[in-house]
Amino acid sequence: MENHLHKFFAFFFSIYLLGYFIIFRKWSPNIRPEASSCLISLFHGTPATVLAVAAVLSAENRSLAAANTNFQNLVLDYSAAYFAADLVHLATFFTGSGDLTFVFHHLATLFVILTCRHVAVHGAVAVLTLLALAEVTSAPQNAWALARARRKDAQFAASVASVVSVPFYGFYSVVRGLLGPYVVFRMAAFYSGGGAEGVIATWVWISWVVVVSVAIAASIAWVSNLWIEVYEERSRKVEDKIR
């Protein structure tokens with residue numbers, strides 16, 4: 001099947017430039033890059049979730065070792081292009097350790113997607129299921145991130161951030177802390193039991209399980225820090241009332 005990676009990359013990069021130079025041109029230079037990154041994420045997250053689910057459900061063979069269909073490969077190209085485009089953003093506006101986490105996350109995700117697409121040529125059902133779970137939180141996360149970025153200079157943004165934070169943290173915690181690990185466990189059980197023997201190389205599926213497990217652990221650590229932030233903020237408010 002034809003590789004559409006370059007076309008999708010041009011699509012996401014064009015949206016990024018549109019956001020940076022037009023949509024967010026009046027925003028502070030410090031947050032314009034992040035806002036533009038959120039914009040391309042919005043164009044990736046929910047569409048990728050819908051497409052991934054459709055690509056899995058439309059396949060005649062939904063085994064975790066099944067050969068990739070053309071539709072599934074198309075979705076893999078779409079997601080790979082997004083992560084590549086966002087890596088360009090991160091490389092251009094790198095700000096330190098906080099961005100380093102996202103750099104590693106994107107590289108790890110690209111590794112899984114590209115090995116599924118071009119090395120194994122099988123296993124897209126497993127990879128796209130994980131992708132759907134990962135990206136189903138994208139829309140609320142980007143709404144939260146945009147509001148959080150403007151909360152210091154826009155009262156409306158501060159209000160939105162305050163309202164959406166806890167629901168978003170809860171939703172993210174359930175998806176990344178419960179559903180994600182369950183799917184990875186099912187993957188590991190299937191592949192270690194010989195379900196993909198002779199189809200997907202052992203080093204490939206082991207690397208998928210390890211990389212995704214580390215990514216999930218990093219996500220849980222990230223949202224745990226946000227829950228701690230909420231607890232500390234509310235504790236301060238209670239103390240202020242008591243005083």
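The following dialogue asks how terms are applied to this predicted model.

Tutor: This is a predicted model, in which local features need pLDDT of at least 70 and side-chain atom pairs count only at pLDDT 80 or more, while totals for chains, interfaces and linings use all residues. Residues are numbered from 1 along each chain as its sequence is written, and side-chain values use heavy atoms, with hydrogens and water left out.

Student: Why is aspartate 77 called buried?

Tutor: Buried means under 20% relative accessible area, exposed means over 50%, and partly exposed lies in between (1.4 Å probe, protein chains only). Aspartate 77 has a relative accessible area of 2%, so the residue counts as buried.

Student: What makes the contact between the side chains of aspartate 77 and arginine 117 a salt bridge?

Tutor: A salt bridge needs a side-chain nitrogen of Lys or Arg within 4 Å of a carboxyl oxygen of Asp or Glu. For aspartate 77 and arginine 117 the N to O distance is 3.0 Å, so the pair meets the definition. Arginine 117 is buried as well, at 7% relative accessibility.

Student: How many salt bridges does the structure hold?

Tutor: The structure holds 2. Glutamate 229 and arginine 148 also meet in a salt bridge, at 2.9 Å, N to O. This pair links helix H8, where glutamate 229 lies, to helix H6, where arginine 148 lies, 81 residues apart.

Student: Are glutamate 229 and arginine 148 buried or partly exposed?

Tutor: Glutamate 229 has 32% relative accessibility and counts as partly exposed. Arginine 148, at 22%, is partly exposed too.

Student: What makes a set of residues a nonpolar core?

Tutor: The set consists of buried Ala, Val, Leu, Ile, Met, Phe, Trp, Tyr and Cys residues joined through side-chain atoms within 4.5 Å. The largest such core here has 63 residues, and those with the most contacts inside it include Leu128, Met187 and Trp208. Helices H1 (5-23), H3 (70-92) and H8 (202-242) are among those that each supply at least two residues of this core. H3 gives the most, with 10 residues.

Student: Which residues does methionine 187 contact, leaving aside its neighbours within four places in sequence?

Tutor: Contact means heavy atoms within 4.5 Å. On that basis methionine 187 touches Leu64, Ala126, Leu130, Trp208 and Val209.

Student: Why is valine 121 called partly exposed?

Tutor: Its relative accessible area is 37%, so valine 121 is partly exposed. Valine 121 lies in the loop between H4 and H5. Its phi is near 60°, a positive value in a residue other than glycine.

Student: Where is leucine 42, and is leucine 42 buried or partly exposed?

Tutor: Leucine 42 belongs to helix H2. With a relative accessible area of 35%, leucine 42 is partly exposed. Apart from neighbours within four places in sequence, leucine 42 is in contact with Pro47, Ala139 and Asn142. The C-alpha atoms of leucine 42 and arginine 176 are separated by 19 Å, though the two residues are 134 residues apart along the chain.

How values were computed. Helix = DSSP H or I, 4+ residues; strand = E, 2+ residues; numbered from the N terminus.
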